[in-house]
Amino acid sequence: MNEAFNPYQVWLGLEMPQPNYYELLSLPPYEADLETIAVAADRVAIRVRNYRPGVNAAAWSRLLDEIHTAKECLLNQREK
């Protein structure tokens, strides 16, 4: 992978080098609605899956894993 490659910027249009879960899913801070969180996570995952990762396949896979983790974390946090 190219060291200058930023999957957040290239695939999601985010400028920060390491977004928090809300930023990653394009949610307002502390979004509480479970359906909104789930839909946002699915939308972002679909967006990333639409790219052909090529030489950045490892970053592509990590980003999809991070999106899944963000979704699960935010949904589980809100259910408590």
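How many salt bridges does the count come to by the rule used here? The count comes to one salt bridge, where a salt bridge is a side-chain nitrogen of Lys or Arg within 4 Å of a carboxyl oxygen of Asp or Glu.

## Before we start

This is a predicted model, in which local features need pLDDT of at least 70, side-chain atom pairs count only at pLDDT 80 or more, and totals for chains, interfaces and linings use all residues. Residues are numbered from 1 along each chain as its sequence is written, and side-chain values use heavy atoms, with hydrogens and water left out.

## The salt bridge

Let's meet the two partners. K71 and D42 bring their side chains together in the salt bridge, at 2.8 Å from N to O. The pair links distant parts of the chain, since K71 sits in helix 4 and D42 in helix 3, 29 residues apart. Helices here are DSSP runs (H or I, at least four residues), numbered from the N terminus.

D42 has a relative accessible area of 36%, so it counts as partly exposed. On this scale, buried means under 20% relative accessible area, exposed means over 50%, and partly exposed lies in between (1.4 Å probe, protein chains only).

## Aromatic rings

Now for the rings. A search of the whole structure turns up three aromatic pairs. Rings of Phe, Tyr and Trp (its six-membered ring) pair if their centres lie within 6.5 Å; planes under 30 degrees apart count as stacked, over 60 as edge-to-face and the rest as tilted. W11 and Y51 form a tilted pair, with 6.0 Å from centre to centre and 35° between the planes. This pair also links distant parts of the chain: W11 belongs to helix 1 (residues 7-12), while Y51 lies in the loop between helix 3 (34-49) and helix 4 (57-79), 40 residues apart. W11 is buried at 4% relative accessible area, whereas Y51 is partly exposed at 32%.

The rings of Y22 and Y30 have centres 5.9 Å apart and planes at 55°, so this pair is tilted. Is Y22 buried or exposed? With a relative accessible area of 12%, Y22 is buried, while Y30 counts as exposed at 64%. Ring pairs also join F5, W11 and Y51 into a cluster.

## The nonpolar core

A nonpolar core is a set of buried Ala, Val, Leu, Ile, Met, Phe, Trp, Tyr and Cys residues joined through side-chain atoms within 4.5 Å. The largest one has 23 residues, and those with the most contacts inside it are L12, L24, L25, L27, L63 and I67. Helix 1, helix 2 (21-24), helix 3 and helix 4 are the elements that give two or more residues to this core.

Which residues does L12 touch, leaving out those up to four places away in sequence? L12 touches P7, L24, V44, R47, V48 and L63, where contact means heavy atoms within 4.5 Å.

V48 lies in helix 3, and at 0% relative accessibility V48 counts as buried. Beyond its neighbours within four places in sequence, V48 is in contact with L12, W60, L63, L64 and I67. The C-alpha atoms of V48 and S61 are separated by 9.4 Å, with the two residues 13 apart along the chain.

A38 is found in helix 3 as well, and A38 is buried with a relative accessible area of 19%. Not counting residues up to four places away in sequence, A38 touches K71 and L75. The C-alpha atoms of A38 and A70, 32 residues apart along the chain, have 9.9 Å between them.
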